[in-house]
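Dear colleague,

Please find below the structure that I am handing over to you.

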Amino acid sequence: MRTPEDTPTDPDALLRYARIVRVDTAGGRVTVELDEGVISPPLRWLAPRMGDTKAWCPPSVGEQVLLLCPAGEIGAGIVLGGVVSNANPAPVASALPLLTFKDGAVLSYDPDSHELAFTLPAGATTRLISDGGIALTGPVAITGALEVSEDITAQGDVTAGNVSLQGHRHGQVATGQAQSGLPA
């Protein structure tokens, strides 16, 4: 059992800068290289949440981290990531909260303009899976083709070009059994 005299008080023994050299996502461990060239055993990293709610954002090779060494022991260390460095500078020069991904995708929220943006690189796709349905409230604009595999139901009018589905009329028809041609 350690006594207070055995516990290191030198911050260099308790807190150390390191760089990630290996990531084991299945085991939730990373191996780091300390500034002195020492390679650690596999260590746990500190995640934002790991209880009933989990926030999974694994560190990456080359990321600079701070190694927290309880009692000065590297093998018992916990890796705290996200240190801004020359190799991994801040993604923007503002306080805008965002996530950037290695392929160039960006998820951001601007609280001043109240805008949530998810920008994907060319050729990327988006999948939203919700067996219970999706409800959108507010105006929706779609630029590009829209393909639907089932019925479309509208409570209001549907307009194609300047032709109203509810209000258009067909000319040159007689009431009764006659049928009109296609809408003009």
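Strands, as the word is used here, are DSSP runs of E with at least two residues, numbered from the N terminus. By that numbering, histidine 114 lies in the loop between β9 (106-110) and β10. Please note that this is a predicted model.

Histidine 114 has a positive phi of about 60°, although this residue is not a glycine. Most residues other than glycine have a negative phi. Histidine 114 counts as exposed because its relative accessibility is 61%, and the cut-off for exposed is over 50%. Alanine 71 also has a positive phi, near 60°, and is likewise not a glycine. Alanine 71 belongs to the loop between β6 and β7 (78-80), and with a relative accessibility of 28% it counts as partly exposed.

Turning to the strands, β1 (residues 15-24) and β6 (residues 64-68) run antiparallel and are joined by five bridges.

Strand β2 (residues 29-34) contains valine 30. Valine 30 counts as buried, because its relative accessibility is 1% and buried means under 20%. Beyond residues up to four places away in sequence, valine 30 touches several residues, among them Ile20, Arg22, Val23, Leu43, Trp45 and Val79. Pro42 is also one of these contacts; valine 30 and proline 42 are 12 residues apart in sequence, with their C-alpha atoms 5.2 Å apart in space.

A record also bears on this part of the chain. An unreviewed UniProt entry lists residues 21-83 as "domain: Gp5/Type VI secretion system Vgr protein OB-fold". In the model, residues 21-83 are 0% helix and 40% strand, and the C-alpha atoms at the ends are 15 Å apart.

Finally, there is a nonpolar patch on the surface, formed by Leu128, Ile134, Leu136, Val140, Ile142, Leu146, Val148 and Ile152, with about 880 Å² of accessible area together. Valine 140, one of its members, is located in the loop between β10 (115-119) and β11 (159-160). Valine 140 counts as exposed because its relative accessibility is 54%.

With kind regards

How values were computed: Residues are numbered from 1 along each chain as its sequence is written. This is a predicted model: local features need pLDDT of at least 70, side-chain atom pairs count only at pLDDT 80 or more; totals for chains, interfaces and linings use all residues. Side-chain values use heavy atoms; hydrogens and water are left out. Patches are made of residues with over 30% relative accessible area and no salt bridge: like charges are joined within 9 Å, nonpolar side chains (Val, Leu, Ile, Met, Phe, Trp, Tyr) within 5 Å. Accessible areas come from the Shrake-Rupley method with a 1.4 Å probe; for residues, only the protein chains shown count as cover. A salt bridge is a side-chain nitrogen of Lys or Arg within 4 Å of a carboxyl oxygen of Asp or Glu. Helices (H or I, at least four residues) and strands (E, at least two) are DSSP runs, numbered from the N terminus. Buried means under 20% relative accessible area, exposed over 50%, partly exposed in between (1.4 Å probe, protein chains only). Contact means heavy atoms within 4.5 Å. Two strands pair if DSSP finds at least two bridges between them. UniProt positions are given in the numbering used here, feature names are shortened, and annotations may be inferred rather than shown by experiment.
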